[in-house]
Amino acid sequence: MQPDSNMTIDGDRLWSSLMEMARIGATPKGGVKRLTLTDLDLESRDLFKSWCTAAGLTIKVDKMGTMFARREGADPALPPVMLGSHLDTQPTGGKFDGALGVLSALEVVRTLNDLGIKTRHPIEIVNFTNEEGSRFAPAMLASGVFAGAFDLDYAYARADVDGKTFGDELKRIGYVGPEEVGGRPVHAFFEVHIEQGPILEEEGTDIGVVTHANGQYWYEIVIEGVESHAGPTPMARRKDALVGAAGVIQAVNDIGFRFQPTACATVGMIESYPNSRNVIPGRVFLTVDFRHADQGKLDEMEDALKEAVAEIAKAKSLTYSLEQIFAFPVTAFDEDCVSAVRGAAEKLGFSHRDITSGAGHDAVYMAQVAPTAMVFTPCIDGISHNEAEDMTQAWAAAGGSVLLHAVLERAGIVE
Ligand SMILES: [Zn+2]
């Protein structure tokens, strides 16, 4: 049996679940603050669990607290098709980042229940712990452990600003599950997410078919000059580290423009020493974040950065160190899963375009261990990680229905 184009999820039900979930940690400005492993996170997990139980699913929790709600397939021995995202948010987060992926997955299962559809492969809805990384760095911690990028001890030892560890807090909320993390076959993984950028809304496109996640290179640069008195030191004799940093910031921005499309280049943090109004800065620390959908271009951006920093230091008589502290390669999502998403959008009559993800997602780690794809929906003005994050019910419903068809394509229908 092939699902036809009339088969859609229930957009009203999805929206009301999103709004109910958004009440947990709701902020006065209309956003959500639901940091990972807090009491509010616990509350959202329990609500999600109650909905899954009501939908007849079996819930398992792994040692990272990641929740898997399983709908059995006709052949339970087959590996599951997984779909989901995360329920934690940024401190000033919105209603949709993460929750849309988890709750549209739930809506897919509710729809299959309503229609009495049995799939060949089991289906598992996933709620990954600590995707945001704002309380416990790094981001995407649980999907990272699932994919083998981090080990469990490393994850448990991550501490928040108060020194509380991930392991202790997971225990405190009662979500240390018995299941081993990862190490089992996954037939496919799908994640619906708001785009977190302006492209889909601006073009009036319903669905983003995510083909790649951009690679990321992060750097720390320390520029050193000589501290001296801002009054008696003549301009020609200065070794001003902050002036060097200004050149580097401009160069980073220029590199971003030079490697379009898809390049992003950001200096997001800068510390000047001694940061005194009448002292010429002797040392500056700054960070660089490069992203690109093409690995070769990302490497060229790195070369351009090294060249620019060397030139600036030479011209200003400064010394420097430049260190790459994080590298995440470009992720190409699975061709079959991507075409399942594209085909679903096509069949349902939604406008769609191929797109790359500029942000990290659990799907990026899952792509290392399973055939994976993502579905992007538009969001208002491309805003996210912000209480003003918003979308329309129609956009959410379109994303959910595309997920339904893509999942059925991979899970197979028995009757
Ligand atoms: Zn997210």
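## Helices H3 and H12

The axes of helix H3 (residues 99-115) and H12 cross at roughly 60 degrees and come within 9 Å. This is a predicted model. H3 and H12 are therefore oblique to each other. H3 passes H12 in a right-handed crossing.

Which residues meet here? On the H3 side they are Leu 100, Ser 104, Ala 105, Val 108, Thr 111 and Leu 112. On the H12 side they are Ala 396, Gly 400, Leu 403, Leu 404 and Leu 408. By type, the residues of this contact divide into 8 nonpolar, 3 polar and no charged.

## Helices H1 and H12

Helix H12 (residues 393-411) also packs with helix H1 (residues 11-22). Their axes lie 9 Å apart, and the angle is about 110 degrees. H1 and H12 are therefore roughly perpendicular to each other. The crossing of H1 past H12 is right-handed.

From H1, the contact takes in Gly 11, Asp 12, Leu 14, Trp 15 and Leu 18. From H12, it takes in Gln 393, Ala 396 and Ala 397. These residues divide into 5 nonpolar, 2 polar and 1 charged. Look at Ala 396 in H12: it meets H1, and it also meets H3.

## The zinc site

Which protein residues are the donors of the zinc ion? They are His 86, Asp 97 and His 193. Both histidines use NE2, while Asp 97 uses OD. The donors lie 2.0 to 2.2 Å from the zinc ion. Along the sequence, the donor residues follow the spacing H-x10-D-x95-H.

His 86 lies in strand S3 (residues 81-86), and His 193 lies in strand S5 (residues 188-194). The pair therefore ties together parts that are 107 residues apart in sequence. Are these two histidines buried or exposed? Both His 86 and His 193 are buried.

## His 361, a buried loop residue

His 361 sits in the loop between strand S15 (352-357) and helix H11 (362-366). Its relative accessible area is 1%, so His 361 is buried. The cut-off for buried is under 20%.

What does His 361 touch, not counting residues up to four places away in sequence? The list is Glu 131, Met 140, Glu 191, His 193, Gln 196, Met 374 and Phe 376. One of these, His 193, is also a donor of the zinc ion.

## His 212, a partly exposed strand residue

His 212 is found in strand S6 (residues 207-213). Its relative accessibility is 28%, so His 212 counts as partly exposed. Pro 378 is 166 residues away from His 212 in sequence. In space, the two are 17 Å apart, C-alpha to C-alpha.

His 212 has several contacts beyond its neighbours within four places in sequence. They are Ala 293, Val 330, Thr 331, Ala 332, Phe 333, Ile 355, Thr 356 and Ser 357. Among them, Ile 355, Thr 356 and Ser 357 fall within strand S15 (352-357).

## Gln 250 in helix H8

Gln 250 belongs to helix H8 (residues 241-258). Its relative accessible area is 46%, so Gln 250 is partly exposed. Thr 266 comes 16 residues away along the chain. The C-alpha atoms of Gln 250 and Thr 266 are separated by 9.9 Å.

How values were computed:
Residues numbered from 1 in each chain as written. Predicted model: local features only at pLDDT ≥ 70, side-chain atom pairs only at ≥ 80, totals over all residues. Heavy atoms only, no water. Axes fitted to C-alpha atoms, helices over the stretch in contact; angles between N-to-C directions. Helix = DSSP H or I, 4+ residues; strand = E, 2+ residues; numbered from the N terminus. Parallel < 35°, antiparallel > 145°, perpendicular 65-115°, else oblique. Left-handed = near helix turned anticlockwise from the far one by under 90°. Contact = heavy atoms within 4.5 Å. Nonpolar A, V, L, I, M, F, W, Y, C, P; charged D, E, K, R; others polar. Donors = N, O, S within 2.8 Å, 3.2 Å for Na, K, Ca; no water. Buried < 20%, exposed > 50% of the residue type's maximum accessible area, 1.4 Å probe, protein only.
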